[in-house]
Amino acid sequence: MSGRGRDNHDVTTLDPDGHASSPGLDACLALTILHHPDPRRVGERAVLAGLADGATTGSARLSRLVPDFGGSDGHPLGCPQISRRPIFIELSARGVTLSLDADNARLDVDGERCGDEHRLSREAIEGGVVLELGGRVVLLLHRVHLTAPSPGDAERIAGTSDRVRTLRERLLRVAGVDQTVLLRGETGTGKELVARSIHEASARAEGAFVSVNMAAIPPSLAAAAMFGHARGAFTGATSASVGYFGHAHGGTLFLDEIGDTPAAIQPALLRAIEDGEIQPVGDERSRRVDVRLIAATDVALEAAVAAGQFREALLQRLGGYVIRLPPLRERREDIGQLLVLFLREELERLGRSDRLAPTPDDRRPWLPAWLVAAAARATWPGNVRQLRNLAAQLAIDWSSRDEIPRTLEVEALIGAPARAETPADTSVSNKRPNELSDEELHDVLRAHGWQPARAAVALGISRTSLYALMDKSPRLTKAADLTREQILAALNEHGGDLDRAANSLCVSAHGLRRQMSALGM
């Protein structure tokens, strides 16, 4: 029996036998389609209700015939390259085990060919596990929270992940309140897009949306640019200017890279936020302005405050309502949908939208499964902006070909560990897990940015084995165990550079960001 969808893409839930059932659990495992010969199916989801949080055992089946993806009118994967014989997804106290028999078609798990059995730790599931079936379909096995859909939507924000759903809900919630908003997130996560969405969903939607990059304003011109100036206020001021605040009167002013605000104008900016008054340069009178302010940053402002580069009072005033934008690697289930969206836009511009038409069973699709699987495993330091750039380059370079080829050049564009990246130190990579010294483990993790998935590939061991070694190491501390004081000390030591701070703490930048978010930093 199929259940009703609970988000923009219909959702099907499954009982332990792989059949659809009614949703009703807070969180459980799910399979989301990242790639399919029919690109219209990308983003469909099947929720494995038998593998829920709190359950100690349970199982579900995955094959060409089960489960149904896509809600009450859903369908199985149906791809002939996938076996009818099921892959069993079994939950136990140790984690999740994928088991299959010799007659199953090809299954790759996080880029590694799966044998008769493949064990996955709960930590691995938390980050999402990429399954490639028959070289044609890519799925993400991950945790999902079942929540009621939010009223309304933010059309600009694409994706169906829990993190994007939460982002939309918070965006719509704050849009109706005339409150200063601080957007925090890595470069390329779409902060201006979110700011525009807040503006468009607010009562100020008919007013102007003015976007300013604070890092691009010379300190000597900052006051005049922000607050305006009187005629003759300085050489070259042949006419008066209302400044960015004046242009945004009645609307929204978005200040990107707020951490680069020149120290000289920070008091005036604080006054504008608190009192709604600005003082144009060369004008004896202050002016009232009606502006909703949204600021954004990709740096740790607390470290800038500690270094005396940013006023604490301004940070507190800007942080009236904080929204953290998730990096792309924390919303892997959206990668397939976003890539298809960006490719479709680029291909339409080139007059080759046919490249994303559903592919007959006897033909390989233009967008290959391996590419999407590699994209889902990549770390994406440039986030959504980097993914969009990838789509543009793929469309321009390969729209005239029947299929995007697997070359080192294309793999390098994705940013995933390429096939040629196996370390030359075979004395380490050929060792069994119990033969690795703590020093060797530490060195390989450091060389791969403290990212367990990449370190496991380099060592030639499973992520489960690597996590077990990390748990035993006296030199390693989990990001989740770091205190606010430890994090601030590392950020101060490295000038607010989060990547360097993470390296000094022996954790990944991703893990450090997650812990900072958990601590409200």
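1. Please keep in mind while reading that the model is predicted.

2. Strand S11, which covers residues 129-133, also pairs with strand S12 (residues 137-145), again in the antiparallel sense and over five bridges. Within this pairing, Glu132 has Val138 of S12 as its bridge partner. S11 and S12 form a hairpin with three residues between them, and Gly134 in the turn has a positive phi of about 60 degrees.

3. Are the residues of S11 buried or exposed? The strand is mostly covered, since five of its five residues are buried. In a regular strand the side chains alternate between the two faces of the sheet. Here Val129, Leu131 and Leu133 point one way from S11, whereas Val130 and Glu132 point the other way, and all are buried.

4. Turning to the helices, H9 (residues 335-349) and H11 (residues 383-398) pack at an angle of about 45 degrees, and their axes lie 8 Å apart. The two helices are therefore oblique to each other, and their crossing is right-handed.

5. Which residues of H9 and H11 meet? On the H9 side they include Ile335, Leu338, Phe342, Glu345 and Arg349, and on the H11 side they include Val384, Leu387, Arg388, Ala391 and Ile396. The residues of this contact between H9 and H11 divide into 14 nonpolar, no polar and four charged.

Conventions:
Residues numbered from 1 in each chain as written. Predicted model: local features only at pLDDT ≥ 70, side-chain atom pairs only at ≥ 80, totals over all residues. Heavy atoms only, no water. Axes fitted to C-alpha atoms, helices over the stretch in contact; angles between N-to-C directions. Helix = DSSP H or I, 4+ residues; strand = E, 2+ residues; numbered from the N terminus. Parallel < 35°, antiparallel > 145°, perpendicular 65-115°, else oblique. Left-handed = near helix turned anticlockwise from the far one by under 90°. Contact = heavy atoms within 4.5 Å. Nonpolar A, V, L, I, M, F, W, Y, C, P; charged D, E, K, R; others polar. Buried < 20%, exposed > 50% of the residue type's maximum accessible area, 1.4 Å probe, protein only. Pairing = 2+ DSSP bridges.
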